[in-house]
Amino acid sequence: MSDPALAHAFAQVASAQQGVPVIKAFFDAPTFTVTYVVHDPETRRAAILDSVLTYDPASGRTAFEAADPVLAYVEKAGLTVDWHLETHAHADHLSAAPYLQQKLGGKIAIGAHICEVQQTFGALFNAGAEFARDGSDFDHLWADGDTFAIGNLAVTVLHVPGHTPACVAYVIGDAVFVGDTMFMPDYGTARADFPGGDARTLFRSLRRILELPPETRLFMCHDYLPEGRDHYVWETTVAEQRRANVHAHDGVTEDDFVVMREGRDRTLAMPRLILPSVQVNMRAGHLPPPEDNGVVYLKIPVNQL
């Protein structure tokens with residue numbers, strides 16, 4: 001295998017006879033987002049992936065309705081949180097990582113290509129000089145192929161751009177948290193028309209993940225109810241995605257995928273919370289600094305997206 005990072009992830013999954021992670025999912029219906037708490041059953045060290053801060057765009061108020069059940073679970077289970085892992089700078093919800101970090105400790109981390117996202121959206125929001133565009137709002141930045149551990153659980157980071165330049169997937173033991181690269185097989189794949197997105201790059205990232213062993217468990221960041229299904233689900237396998245993903249099953253060519261994805265993206269509206277979400281998430285979930293009257297403001301650029 002000519003891809004060293006993928007080869008390492010493949011070997012990790014194939015050898016994960018011990019150290020299978022304990023995974024608890026929390027589904028936030030307003031944003032269709034799944035937050036995961038993943039822990040090592042031996043050491044009880046844990047990571048929280050893609051947490052959600054509740055936000056009401058009509059009032060501009062934040063709340064902890066989505067994050068507090070995560071907090072309660074961690075505390076009741078007696079877990080020690082080492083990491084707050086973001087798969088990318090989300091456009092559909094605000095991150096609760098700073099809130100959970102304050103309560104539980106741990107470091108906030110994302111893929112190193114977040115700097116590209118910060119450059120693009122820092123310009124869009126006309127962020128001032130106080131906004132560093134070097135990733136330093138985060139505690140750690142991952143490169144493709146980076147490895148670390150959650151207790152005794154091995155973790156490999158895969159850079160999987162296309163939806164955004166900064167997307168990463170986390171291979172934790174025998175499980176992969178894919179972010180927005182793909183959805184459940186009956187719903188397909190993520191859009192690729194945000195600034196810095198690219199359908200061809202997304203296809204290659206999808207196929208990279210799908211080179212992992214067939215039994216590899218895949219955990220989605222979102223689920224939306226397609227026609228014909230009446231309940232939310234977010235776990236599948238490499239084998240099932242290769243067999244049945246409506247956009248990217250085996251046999252779909254890269255060119256076919258690009259035509260489909262770009263055509264479909266032209267029909268999609270912008271996510272409801274993209275403008276508040278991205279300007280917060282590019283800051284690692286921190287709100288912009290208050291202005292001279294002590295009030296925090298989120299900007300709404302007009303006619304730009």
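In which handedness of crossing, left-handed or right-handed, does α2 pass α3? I looked this up in a predicted model, where local features need pLDDT of at least 70, side-chain atom pairs count only at pLDDT 80 or more, and totals for chains, interfaces and linings use all residues. Residues are numbered from 1 along each chain as its sequence is written, and side-chain values use heavy atoms, with hydrogens and water left out.

**Entry: α2 and α3.** I find that α2 passes α3 in a right-handed crossing (the near helix is turned clockwise from the far one by less than a right angle). Helix α2 (residues 68-77) and helix α3 (residues 97-104) pack at about 30 degrees with axes 11 Å apart, and I therefore note them as roughly parallel (angles under 35 degrees). For contact (heavy atoms within 4.5 Å), I list Asp68, Val70, Leu71, Val74 and Glu75 of α2 against Tyr99, Leu100, Lys103 and Leu104 of α3. By class, this contact has six nonpolar, no polar and three charged residues.

**Entry: α4.** In helix α4 (residues 114-124) I find Ile114, Val117, Gln118, Phe121 and Gly122 buried (under 20% relative accessible area, with exposed meaning over 50%, by a 1.4 Å probe on protein chains only). Seen down the axis of α4, these buried residues fall within an arc of 120 degrees, so they line one face of the helix. Their cover includes β7 (107-111), β8 (140-142) and α8 (274-281).

Entry: Most residues other than glycine have a negative phi. I noted Ala284, not a glycine, with a positive phi of about 65 degrees; Ala284 is buried at 2% relative accessibility. Asn303 has a positive phi of about 60 degrees, and Asn303 is exposed at 73%.

Methods. Axes fitted to C-alpha atoms, helices over the stretch in contact; angles between N-to-C directions. Helix = DSSP H or I, 4+ residues; strand = E, 2+ residues; numbered from the N terminus. Parallel < 35°, antiparallel > 145°, perpendicular 65-115°, else oblique. Nonpolar A, V, L, I, M, F, W, Y, C, P; charged D, E, K, R; others polar. Arc of directions from axis to C-beta.
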